[in-house]
Amino acid sequence: MTFPPAAARTIWDFLQDTQTSPEIYDLILTGDLGYTGSHLLYELLEKEHGVSIESRHRDCGTMIFSIKKQDVNSGGSGCGCSASVVCSHILKEMEAGRLHKVLFVATGALMSTTTSKQGSTIPGIAHAVLMEV
């Protein structure tokens, strides 16, 4: 799975570049790492950088899908989950004043039928966006 390393690197780089810590964000949101990917993200950040985001983190995929009620395996589309959650729930929460500072790390896969048929790994990508009111 390539998403957690890309997300971990992006989050770590963002925190370093802005000289901030996870505690200053109301929410650190990822696209669709799912349950397993989210826990791998926590493990990578804690082991490699000594940073814990678990209390601040939510994942769009786990917010939409229920691992107990649906057979979603690794979740859905990162871009679809991100757009659905951010544009409906998160922006309303910010507008209502319940969230003020959200670090949104859009995660996704760079899918290619050619590379997957050749047995290559699927590269992951993550972009950090700071949303603040």
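Modeller: Before we start: two strands count as paired if DSSP finds at least two bridges between them. And keep in mind that this is a predicted model.

Colleague: Okay, got it. In what order do the strands sit in the sheet?

Modeller: The order is β2-β1-β3-β4, so to speak from one side to the other by pairing: 4 strands in an open sheet, with mixed pairing.

Colleague: And which strands are at the edges?

Modeller: Those are β2, residues 57–59, and β4, residues 124–132; each of them pairs on one side only. From one strand to the next, the twist averages 20°.

Colleague: Let's zoom in on β1 and β2. How many bridges join them?

Modeller: There are 3 bridges, and the two strands run parallel. Strand β1 covers residues 27–30. Its L29 has R58 as bridge partner in β2.

Colleague: Which helix lies across that pair?

Modeller: That's α2, residues 34–49, which lies across β1 and β2. Helix α2 runs at about 150° to β2.

Colleague: New topic: V51. Where does that residue lie?

Modeller: V51 is in the loop between α2 and β2.

Colleague: Is V51 buried or exposed, and why?

Modeller: Buried, because its relative accessibility is 12% and the cut-off for buried is under 20%.

Colleague: What does V51 touch, then, apart from its neighbours within four places in sequence?

Modeller: V51 is in contact with W12, L15, P22, L45 and E46.

Methods: Residues are numbered from 1 along each chain as its sequence is written. This is a predicted model: local features need pLDDT of at least 70, side-chain atom pairs count only at pLDDT 80 or more; totals for chains, interfaces and linings use all residues. Side-chain values use heavy atoms; hydrogens and water are left out. Axes are lines fitted to C-alpha atoms, for helices over the stretch in contact, and angles run from 0 to 180 degrees between N-to-C directions. Contact means heavy atoms within 4.5 Å. Buried means under 20% relative accessible area, exposed over 50%, partly exposed in between (1.4 Å probe, protein chains only).
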